Amino acid sequence: MGAEDTSHNATIGYNLEIRALVGLQRWADADTTYKQYRDAARGDSVALQRASNAPLESIVAAKNGRVDDALRRIEGSIRSRTRLYGASHYLTRESRGIRGAVQLIGGAADSALRDYEELFTVLLDTPSGWTDLSPTGVRGFYLDVVLDEYLGYVAARYRAGGASAVPTAVVNRVVQLLDRVGTGAAQQSIIDASARVRAVNPELKALLDKEQALRGAVQMAFREISDLLAKDNSKTPSTEREKILIRIKELRTATDRAQQDLDETRKTISSRFPAYRDLVTPVSPKPDAVQAALGNGEAFISILPTRHGTFVWAINQNGQHALHVSSWTERDIAQRVQLLRKN
């Protein structure tokens, strides 16, 4: 790769290669590459820490038939994040969503859906949740897999028994996912363009700058807690452990205070500038919200091509709704579009 296998540049290269293989659904190759990455890092504690990624490891293991191993890895992540962030933190719920995907792969749908609800509570029902979890950022390439597994489960249920075989609660989540996944690129463009809005309104700019600073402070404090926890092990001298525990307690107090300030700042932004909130960090609408926005004689139709087929959902002003999953995949549609353009 043109660099030492334990160097930072090599880490970047391996990550890009693994991301590409995951995106191409080449799970065996991703598994092999990730193993090479981990093996190369052994003997170098810093490089091994950089190479460790429990969510990615669990997904790759599950996709290669090692569901028990995958569950062990992601449950370790849940315990670690619960200890570090708390059970209701969005990163803890993200790990539970990843466990849900692993359980779907393993055929344990009931348990999986409970874990997915934890993820969806943050991702779809919470303002700023989609931004906090950054589906298009560093973690995006495995969070995309988690959402893809859910849609694959829904498509399989539909083909087995039609729309009636898909539980109402699941349909409601599908409606939100169709809205979010289908408008992800446009939403990111809106967020990127929001800097221009900040410049126009000084009060909004001050609140958004405060929100960003508080978010950064929370992340830095959690990062320090994580580093301290890594130092606390059976070989740590008692005097050093006592100092670590005191510092962790101080950081947790500071983090709780910063998180409360962050929540209050977000509430202030929502109440003072609701139009900005709805534009940049909207909550994904459920069917009843879509219905309420329709006028007499109007209907809403949502269409999303995926590798599992094309999802079509519709609702009218009277609340009548329908779900259909076409056998046409996104590749099928792309081919037909090419044929139409040639004619």
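The axes of helix α6 (residues 90-106) and helix α7 (residues 109-123) come within 7 Å and cross at roughly 150°. Axes here are lines fitted to C-alpha atoms, for helices over the stretch in contact, and angles run from 0 to 180 degrees between N-to-C directions. The crossing angle therefore makes α6 roughly antiparallel to α7. Angles over 145 degrees count as roughly antiparallel, those under 35 as roughly parallel, 65 to 115 as roughly perpendicular, and the rest as oblique. The crossing of α6 and α7 is left-handed: in such a crossing the near helix is turned anticlockwise from the far one by less than a right angle, whereas clockwise is right-handed.

Residues of α6 that meet α7 include Tyr90, Arg93, Glu94 and Leu104. On the α7 side, Ala109, Asp115, Tyr116 and Val122 are among the residues that take part. Contact means heavy atoms within 4.5 Å. By class, the contact of α6 with α7 has 8 nonpolar, 5 polar and 7 charged residues. Ala, Val, Leu, Ile, Met, Phe, Trp, Tyr, Cys and Pro count as nonpolar, Asp, Glu, Lys and Arg as charged, and the others, Gly among them, as polar.

The model is predicted: local features need pLDDT of at least 70, side-chain atom pairs count only at pLDDT 80 or more, and totals for chains, interfaces and linings use all residues. Residues are numbered from 1 along each chain as its sequence is written, and side-chain values use heavy atoms, with hydrogens and water left out.

The chain holds 16 helices and 3 strands. Helices (H or I, at least four residues) and strands (E, at least two) are DSSP runs, numbered from the N terminus. Of the 343 residues of the chain, 40% count as buried. Buried means under 20% relative accessible area, exposed over 50%, and partly exposed in between (1.4 Å probe, protein chains only). Among contacts with a separation of 6 or more, 56% involve residues 24 or more positions apart.

The 3 strands form an open sheet in the order β1-β2-β3, with antiparallel pairing. Two strands pair if DSSP finds at least two bridges between them. The edge strands, β1 (299-306) and β3 (321-326), each pair on one side only. The twist averages 10° from one strand to the next.

Strand β2 covers residues 309-316 and is joined to β1 by 8 bridges. A hairpin joins β1 to β2 through 2 residues. Several bridge partners can be named. Serine 302 has tryptophan 313 as its partner in β2. β2 and β3 pair in the antiparallel sense over 6 bridges. Their hairpin has 4 residues between the strands, and glycine 319 takes a positive phi near 90° there. Of the 8 residues of β2, 6 are buried, so β2 is largely enclosed by the rest of the structure.

Valine 175 lies in helix α10 (residues 168-182). It is buried, with a relative accessible area of 6%. Leaving out residues up to four places away in sequence, valine 175 touches Pro285, Pro287 and Trp313. Trp313 is the bridge partner of serine 302. The C-alpha atoms of valine 175 and serine 302 are separated by 8.0 Å, although the two residues are 127 residues apart along the chain.

Aspartate 148 belongs to helix α9 (residues 140-161). Aspartate 148 is also buried, with a relative accessible area of 16%. Its contacts, apart from neighbours within four places in sequence, are Arg307 and His308.

Glutamine 25 is found in the loop between α1 (8-23) and α2 (27-41). Its phi is positive, about 65°, although the residue is not a glycine. At 32% relative accessibility, glutamine 25 counts as partly exposed.
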